[in-house]
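Here are my notes from going through the model.

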Amino acid sequence: HIDYVKKKIQKRIGAMYRGSSLLPIKYRKMFANSLILPHFDYLDTIYGRAPKSKLLELDILYKKVAKIALGVEKTESSINVYRDMKWLPLHLRRQVHLSSYMFKILNGLSPSNFINKFRFISGGSRDGASCNLYTPKSKNLKNFYYLGAKAWNSVPPELRSVSDPKALTTKYKTCLLDSVTSDPSYVVNNAFDYIYKLNHGS
């Protein structure tokens with residue numbers, strides 16, 4: 001799937017690059033957001049379990065799209081580019097999407113085969129008070145129930161009670177973008193089982 005996504009994106013990048021000298025920045029950003037970004041998002045909660053090397057290939061294209069849209073040099077800081085595009089780094093974009101899907105599951109908004117597949121930690125523990133989920137064991141760390149629980153447990157407690165998945169996505173994205181753009185120690189980590197926690201990595 002990743003190779004297919006890459007081919008689709010590369011074609012769009014070529015078109016955007018050829019027209020970049022003619023289009024104002026406003027329209028380059030519109031092109032990137034409406035015609036390229038959805039290709040990165042499509043099935044990302046599934047392909048996000050691919051090897052780190054394959055995810056890195058997408059990350060390179062993602063940065064390239066943003067830099068062409070802004071008309072900046074290839075050497076421009078990626079964090080500055082993400083801030084100006086109002087984009088999360090790609091691995092965090094996948095994290096938000098997985099967390100949003102977990103919201104749907106836990107609130108009965110997903111297909112029935114996912115309902116009641118996750119269990120909350122109960123009792124007097126800190127995790128129980130935070131409505132965290134049991135994280136099942138996973139030998140290869142690629143099991144959806146393992147990654148889903150891990151992603152949900154990293155969502156700030158104050159965001160877990162929002163009204164709908166869209167609200168969660170919007171607020172979580174803002175929190176994460178503010179965090180990584182102000183954290184001098186932040187580095188991109190495309191490992192499929194890596195989950196970033198606000199104010200520090202995990």
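**Notes on the fold and a few local spots**

1. Burial overall. Of the 202 residues in the protein chain, 45% are buried. Bear in mind throughout that this is a predicted model. The chain exposes about 11,100 Å², and carbon and sulfur atoms supply 55% of that area.

2. Secondary structure and overall dimensions. The C-alpha trace spans about 60 × 35 × 30 Å along its principal axes. As for how the chain packs against itself, take the contacts between residues at least 6 apart in sequence: 62% of them join residues at least 24 apart.

3. Charge. I get 33 positive and 14 negative side chains in the protein chain. The centres of the two sets lie 6 Å apart.

4. Helix α8. How many of the 10 residues of α8 (residues 144-153) are buried? The count is 9, so this helix is largely enclosed by the rest of the structure. The buried ones are Phe-144, Tyr-146, Leu-147, Gly-148, Ala-149, Lys-150, Ala-151, Trp-152 and Asn-153. As for what covers the buried residues of α8, the cover includes α6 (90-106) and α9 (165-182).

5. Lys-6. Another lysine to look at is Lys-6, in helix α1 (residues 2-19). Is Lys-6 buried or exposed? Its relative accessible area is 18%, and because the cut-off for buried is under 20%, Lys-6 counts as buried. Leaving aside residues up to four places away in sequence, Lys-6 touches Glu-57, Leu-58 and Leu-61.

6. Two leucines with positive phi. Most residues other than glycine have a negative phi, so I'd look at the backbone in two places. Leu-43 has a phi near 60°, a positive value. Leu-43 lies in the loop between α2 (25-41) and α3 (44-47), and at 37% relative accessibility it counts as partly exposed. Leu-141 has a phi near 65°, again positive. This second leucine is found in the loop between α7 (126-129) and α8. With 27% relative accessibility, Leu-141 also counts as partly exposed.

7. Cysteines. How many disulfides does a search of the whole structure find? The search finds 0. For the record, a pair of cysteine sulfur atoms would have to be within 2.5 Å to count. As for accessibility, Cys-131 is partly exposed at 42%, and Cys-175 is partly exposed at 30%.

Definitions and conventions
Residues numbered from 1 in each chain as written. Predicted model: local features only at pLDDT ≥ 70, side-chain atom pairs only at ≥ 80, totals over all residues. Heavy atoms only, no water. Buried < 20%, exposed > 50% of the residue type's maximum accessible area, 1.4 Å probe, protein only. Contact = heavy atoms within 4.5 Å. Areas by Shrake-Rupley, 256 points an atom, 1.4 Å probe, with all protein chains shown as cover. Lys, Arg positive; Asp, Glu negative; His and termini not counted. Charge placed at Lys NZ, Arg CZ, Asp CG, Glu CD. Helix = DSSP H or I, 4+ residues; strand = E, 2+ residues; numbered from the N terminus.
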